[in-house]
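This report covers helix packing, the nonpolar cores and some single residues.

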Amino acid sequence: MSSPLPAVLSFAASDPTSGAGMQADLLTIARLGCHPISVLTAVTAQDTRGVEAVLAVEPNWIARQARVLLEDIPVAAFKLGVLGSARNAEAVAAILAEHPRTPVVLDPVLASGRGDPLSDDATVQALRAVLVPRTTVLTPNSIEARRLAGVAPDASLPECARAFTQLGCKYVLVTGTHESGATVINTLYGADGKLREDAWPRLPGSYHGSGCTLASALAAFLARGLGVPEAARAAQEFTWKALESGFAPGRGQKLPDRFFKSR
């Protein structure tokens with residue numbers, strides 16, 4: 001009998017386009033050789049152009065979904081996306097506290113690609129207070145890093161990363177998609193500073209779900225046993241290729257093609 005696939009548990013909001021959110025996590029995790037399981041944190045009304053509304057799941061339902069799953073299926077990694085509320089962030093933190101040795105990848109999705117807010121100030125504060133300290137790898141873009149770190153608006157990205165590691169986060173992968181230039185620079189930081197820097201040609205157009213793809217790929221590679229620097233590089237390469245092969249099913253942003261290898 002073959003060994004079971006490593007399971008990755010995604011806490012995320014539903015995205016009916018499958019470009020981002022829960023559906024993006026499940027597609028990515030499955031594509032990378034892991035078994036995806038899920039806890040729904042919010043329901044959204046959205047399309048490829050933007051998010052119209054978000055309805056958060058009650059915190060007790062977050063905990064109930066997770067505990068039923070975790071009593072049955074051993075989990076090799078957690079991936080966190082949109083959580084819906086500060087109380088939901090606290091509920092997830094309580095679950096993670098029961099599994100302190102399982103790696104956690106936190107994608108702090110604060111807004112949609114169009115700029116629609118997905119996390120209010122109370123949720124941002126809860127992420128910083130109760131989830132960042134339990135995170136193995138935090139994957140903010142530069143805008144999210146500056147807002148979530150709680151530092152001065154003009155703080156450098158290394159300063160932001162240092163603020164996160166001082167809170168207890170082990171690694172921070174800051175993506176450069178929102179910075180200027182023909183090249184996107186993604187930088188991995190640890191407690192002692194920069195660990196690696198990866199440069200990728202900037203792709204034309206606008207994409208929905210790049211951050212979800214990167215974070216869930218990273219969680220999958222950690223679940224498969226890679227170290228953080230190696231997992232970070234592999235997740236970036238997978239995400240860039242998925243974006244390069246992206247397609248536009250609607251009238252808005254392109255979506256990553258996570259199954260580009262099979263086309």
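In this predicted model, the axes of α5 and α6 come within 9 Å and cross at roughly 50°. That angle makes α5 oblique to α6. The crossing by which α5 passes α6 is left-handed. On the α5 side the contact involves S142, A145, R146, L148 and A149, and these meet L157, C160, A163 and F164 of α6. By type, the residues of this contact divide into 7 nonpolar, 1 polar and 1 charged.

Helix α6 spans residues 157-167, and its buried residues are L157, C160, A161, A163, F164 and T165. Which elements do the buried residues of α6 pack against? They pack against the helix α5 (142-149) and against β6 (137-138), β7 (171-174) and β8 (183-190). Just after α6, G168 has a positive phi of about 120°.

Helix α5 also packs against helix α4 (residues 121-131), at an angle of about 80° and with the axes 9 Å apart. α4 and α5 are therefore roughly perpendicular to each other. From α4 the contact takes D121, V124, L127 and R128, and from α5 it takes R147, L148 and A149. The residues of the contact of α4 with α5 divide into 4 nonpolar, no polar and 3 charged.

A further helix pair is formed by α1 (residues 21-31) and α7 (residues 210-223), whose axes come within 9 Å and cross at roughly 40°. α1 and α7 are therefore oblique to each other, and their crossing is right-handed. Here G21, A24, D25, T28 and I29 of α1 meet C212, T213, S216, A217 and A220 of α7. The residues of the contact of α1 with α7 divide into 5 nonpolar, 4 polar and 1 charged.

In soluble globular proteins, nonpolar side chains tend to be buried together. The largest nonpolar core in this model has 43 residues, and L9, F11, L131 and F164 touch the most other members. Helix α3 (residues 86-97) gives the most to this core, with 7 residues. F164 is also one of the α6 residues that meet α5.

What does F11 touch, leaving aside its neighbours within four places in sequence? F11 is in contact with V39, T41, I62, A66, F78, K79, L80, G81, V82, L83, V92 and I95.

| Pair | Separation in sequence | C-alpha to C-alpha distance |
|---|---|---|
| R224 and P6 | 218 residues | 6.7 Å |
| N60 and N88 | 28 residues | 8.5 Å |
| A248 and Y207 | 41 residues | 9.1 Å |

R224 is placed in the loop between α7 and α8 (228-244). Is R224 buried or partly exposed? Its relative accessibility is 46%, so R224 counts as partly exposed. Not counting residues up to four places away in sequence, R224 touches P6, L32 and C34.

N60 belongs to helix α2 (residues 59-70). N60 is exposed, because its relative accessible area is 51% and the exposed class begins over 50%.

A248 lies in the segment after α8. At 49% relative accessibility, A248 counts as partly exposed.

S18 is in the loop between β1 (7-13) and α1. The phi of S18 is near 65°, a positive value in a residue other than glycine. With a relative accessibility of 27%, S18 counts as partly exposed.

Methods
Residues numbered from 1 in each chain as written. Predicted model: local features only at pLDDT ≥ 70, side-chain atom pairs only at ≥ 80, totals over all residues. Heavy atoms only, no water. Buried < 20%, exposed > 50% of the residue type's maximum accessible area, 1.4 Å probe, protein only. Helix = DSSP H or I, 4+ residues; strand = E, 2+ residues; numbered from the N terminus. Contact = heavy atoms within 4.5 Å. Axes fitted to C-alpha atoms, helices over the stretch in contact; angles between N-to-C directions. Parallel < 35°, antiparallel > 145°, perpendicular 65-115°, else oblique. Left-handed = near helix turned anticlockwise from the far one by under 90°. Nonpolar A, V, L, I, M, F, W, Y, C, P; charged D, E, K, R; others polar. Core = buried A, V, L, I, M, F, W, Y, C linked by side-chain atoms within 4.5 Å.
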